[in-house]
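This report walks through one protein model part by part. Please look over the sequence and the structure before reading on.

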Amino acid sequence: MPLTAGTRGSKLALVQTEKVCAMLSELGIETEIKIIKTEGDANTDVPLHQVGGQGIFVRALDDAITKGEVDFAVHSMKDIPAARPKGVRTCAILKRDSPADFLVHECPLEEIKVVGTSSTRRRAQLMRGNLNAEIKELRGNVDTRLRKLKEGEYDAIVLAEAGMQRLGLDLPGTRLLPQWYVPSPNQGTIAVVCREDDALAAQFEQINHKPTEKDTAIERAVMEEIGGGCYTPQGVYCENGFLIAEVLSLDGSRYERIEDAGGSEEEARFIGQKLKGLAFDLIEEAKESLGLKY
């Protein structure tokens, strides 16, 4: 019997799932794909923090795994929340693609007046920079965002460079360096999640990339210690054990940042705790400003 892969129906999600299935096929493991509708895909008219954050893209697929509707699911790893339900596990992490954000625009930078993004992190980092522009809410899949850019609703939009590369998109614009525009934890990484089953999980071991697994584990340890959910503008990026982590105010005018060696999850948790202490006021301020109770 082939293994059933669950995925969102967006073009990017399907490309990522097809990549994993192709890797498994090379190992002699047969697969089939089942599209699962998520709340995040159905409700695109309001900001992410008002509908449950990035985790809304994962929840329906977790449920499909635990109910036995699919054997595994493929995610952009940055969408996977810190708190995970019982009965599922991350069984493979692919080699990381570009971690960077990309500002898509055709006009010169100095002529950009309106930028579209749904991310509080991207909003804060752009406002911190020298870009004198209004940041407006923008959700939807990549095609929807590009259409709205083309129709003139925005002068520029922010996309993950990895997603552009996976879709084969060569777009005009500016690469935002990860050292300053620190990415979301695990950005640029594809993760495979399966049900809690040792025999099933073992089938994915050969596609797991150990260096990426280590870097992303360090990033997630920092993220878990900071907390703050999707409403807190925070970036966490680790490359070969060197860690950059920051928390910003919603308007980007203030931020706390740590650069240090993140050689282990234990060290990363200490760094995360330290940054949480430094940025406590920023985290609480963001929560209060967005009217969130958790």
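## Where domain 2 meets domain 3

In this predicted model, 7 residues of domain 2 are in contact with 13 residues of domain 3.

Domain 1 is made of two stretches, 1-94 and 189-208. Domain 2 covers 101-176, and domain 3 covers 209-293.

## Polar and charged links across the interface

The count of salt bridges between domain 2 and domain 3 is 1. On the side of domain 2 that touches domain 3, the residues divide into 2 nonpolar, 2 polar and 3 charged. Across this interface there are also 2 residue pairs in polar contact, with both residues at pLDDT 80 or more.

Arg 128 and Glu 246 meet through their side chains in a salt bridge, with an N to O distance of 3.0 Å. These two residues are also part of a network of salt bridges that links Arg 128, Glu 246, Arg 257 and Glu 259.

## Salt bridges elsewhere

The whole structure holds 21 salt bridges. Side chains of opposite charge can pair when their charged atoms come close. Among the salt bridges is the one between Arg 8 and Asp 79, whose closest N and O atoms are 4.0 Å apart. Arg 8 lies in the loop between β1 (3-7) and α1 (11-26), and Asp 79 lies in the loop between β3 and β4 (88-93), so this pair ties together parts that are 71 residues apart in sequence. Arg 8 is buried, because its relative accessible area is 17%, under the 20% limit. Asp 79 has a relative accessibility of 7% and so counts as buried too. Asp 79 also forms a salt bridge with Lys 78, at 3.7 Å from N to O. Lys 78 counts as partly exposed, with 26% relative accessibility.

A further salt bridge joins Lys 287 to Glu 284, with 3.7 Å between the closest N and O atoms. Both residues lie in helix α10 (residues 280-289), where they are 3 residues apart, about one turn of the helix. Lys 287 is buried at a relative accessible area of 17%, whereas Glu 284 is partly exposed at 31%.

His 75 is found in strand β3, which covers residues 72-76. Is His 75 buried or exposed? Its relative accessible area is 4%, so His 75 is buried.

Leaving out residues up to four places away in sequence, His 75 touches Gln 16, Phe 57, Val 58, Leu 61, Ile 80, Thr 189, Ile 190, Ala 191 and Val 193.

## Two loop residues

Ile 207 lies in the loop between α7 (198-202) and α8 (210-226). With 6% relative accessibility, Ile 207 counts as buried. Residues up to four places away in sequence aside, Ile 207 touches Val 20, Met 23, Leu 24, Leu 27, Ala 92, Ile 93, Leu 94 and Val 192. Gln 179 is 28 residues from Ile 207 along the chain, and the C-alpha atoms of the two are separated by 28 Å.

Leu 169 is placed in the loop between α6 (161-166) and β9 (173-176). This residue, Leu 169, is partly exposed, with a relative accessible area of 29%. Beyond its neighbours within four places in sequence, Leu 169 is in contact with Val 142, Leu 146 and Met 164. Leu 126 is 43 residues from Leu 169 in sequence, and the two are 23 Å apart in space, C-alpha to C-alpha.

Terms used: Residues are numbered from 1 along each chain as its sequence is written. This is a predicted model: local features need pLDDT of at least 70, side-chain atom pairs count only at pLDDT 80 or more; totals for chains, interfaces and linings use all residues. Side-chain values use heavy atoms; hydrogens and water are left out. Domain bounds come from an automatic or database domain assignment. Contact means heavy atoms within 4.5 Å. A polar contact is a pair of N or O atoms within 3.5 Å; within protein, one must be able to donate a hydrogen and the other to accept it, and residues adjacent in sequence count only if both atoms are side-chain atoms. Ala, Val, Leu, Ile, Met, Phe, Trp, Tyr, Cys and Pro count as nonpolar, Asp, Glu, Lys and Arg as charged, and the others, Gly among them, as polar. Helices (H or I, at least four residues) and strands (E, at least two) are DSSP runs, numbered from the N terminus. Buried means under 20% relative accessible area, exposed over 50%, partly exposed in between (1.4 Å probe, protein chains only).
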